Amino acid sequence: MATQSRRTFLRNGLLGVAALPLGIGILSRQAFAQNLPRLDPNDEQAQALNYVEVAEQASDHPAYEAGETCSNCMFFERRSEGCQLFPQNSVEPAGWCQSWVSMD
């Protein structure tokens, strides 16, 4: 009986140690995401994608359709207000860029 509980202890301990890097990675990614600086519309990459902080300002862009905003784009990350296209920054949820793609 003592051998079984030792085995159980070792197995559970090893599973806990194996899961530790995953937990740390998730926590650090969330902490990092919450501190992302807001994307500057004058940034070179932002300008290349015609990013604006207010979607209606893009109304003259041929790719823009009313109702499209960063917050309803598939690249938007709601928790951090981040965008997969601008991984070093957060974006304005009411913004828009020419890479907008529907979440559907």
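Colleague: Where is Thr69 found?

Modeller: In this predicted model, Thr69 sits in the loop that runs between α2 (44–48) and β1 (76–77).

Colleague: How should I decide whether Thr69 counts as buried or exposed?

Modeller: One compares the relative accessible area with a cut-off: buried means under 20%. Thr69 counts as buried because its relative accessibility is 16%.

Colleague: With which residues is Thr69 in contact, leaving aside its neighbours within four places in sequence?

Modeller: They are Ala55, Pro93, Ala94, Gly95 and Trp100.

Colleague: Which elements make up the protein as a whole?

Modeller: The protein has two helices and three strands. Read from the N terminus, their order is α-α-β-β-β.

Colleague: What share of the residues of the protein counts as buried?

Modeller: The protein has 104 residues, and 25% of them count as buried.

Colleague: How do contacts show which parts of the chain come together?

Modeller: One asks how far apart in sequence the touching residues are. Of the contacts in the protein with a separation of 6 or more, 65% are between residues 24 or more positions apart.

Colleague: How many salt bridges does a search of the whole structure find?

Modeller: The search finds two. In one of them, the side chains of Glu81 and Arg38 meet at 3.0 Å, N to O. This pair links distant parts of the chain, 43 residues apart: Glu81 is in the loop between β1 and β2 (82–83), and Arg38 is in the loop between α1 (2–34) and α2.

Colleague: With which residue does Arg38 form the salt bridge whose closest N and O atoms are 3.8 Å apart?

Modeller: The partner is Glu92. This pair, too, links distant parts of the chain, since Glu92 lies in the segment after β3, 54 residues from Arg38 in the loop between α1 and α2. Taken together, Arg38, Glu81 and Glu92 are linked in a network of salt bridges.

Colleague: What is the general idea behind a nonpolar core?

Modeller: In soluble globular proteins, nonpolar side chains tend to be buried together. Here the largest nonpolar core has twelve residues, namely Leu39, Ala46, Leu49, Tyr51, Cys70, Cys73, Phe75, Phe76, Cys83, Phe86, Val91 and Cys97. A second, separate core has five residues, including Val52, Ala58, Tyr64 and Trp96.

Colleague: How might I look at one member of each core?

Modeller: Consider Ala46, which touches Leu39, Asp40, Pro41, Tyr51 and Phe86 when residues up to four places away in sequence are not counted. Val52, for its part, lies in the loop between α2 and β1. Val52 counts as buried because its relative accessibility is 16%. Apart from neighbours within four places in sequence, Val52 is in contact with Gln57, Ala58, Gly95 and Trp96. The C-alpha atoms of Val52 and Asn42, ten residues apart along the chain, are 9.3 Å from each other.

Colleague: Which residues form a nonpolar patch on the surface?

Modeller: Met74, Val101 and Met103 form it, and together they have about 250 Å² of accessible area. Of these, Met103 has its place in the segment after β3 (86–90). Met103 is partly exposed because its relative accessible area is 45%.

Key:
Residues are numbered from 1 along each chain as its sequence is written. This is a predicted model: local features need pLDDT of at least 70, side-chain atom pairs count only at pLDDT 80 or more; totals for chains, interfaces and linings use all residues. Side-chain values use heavy atoms; hydrogens and water are left out. Patches are made of residues with over 30% relative accessible area and no salt bridge: like charges are joined within 9 Å, nonpolar side chains (Val, Leu, Ile, Met, Phe, Trp, Tyr) within 5 Å. Accessible areas come from the Shrake-Rupley method with a 1.4 Å probe; for residues, only the protein chains shown count as cover. A salt bridge is a side-chain nitrogen of Lys or Arg within 4 Å of a carboxyl oxygen of Asp or Glu. Helices (H or I, at least four residues) and strands (E, at least two) are DSSP runs, numbered from the N terminus. Buried means under 20% relative accessible area, exposed over 50%, partly exposed in between (1.4 Å probe, protein chains only). A nonpolar core is a set of buried Ala, Val, Leu, Ile, Met, Phe, Trp, Tyr and Cys residues joined through side-chain atoms within 4.5 Å. Contact means heavy atoms within 4.5 Å.
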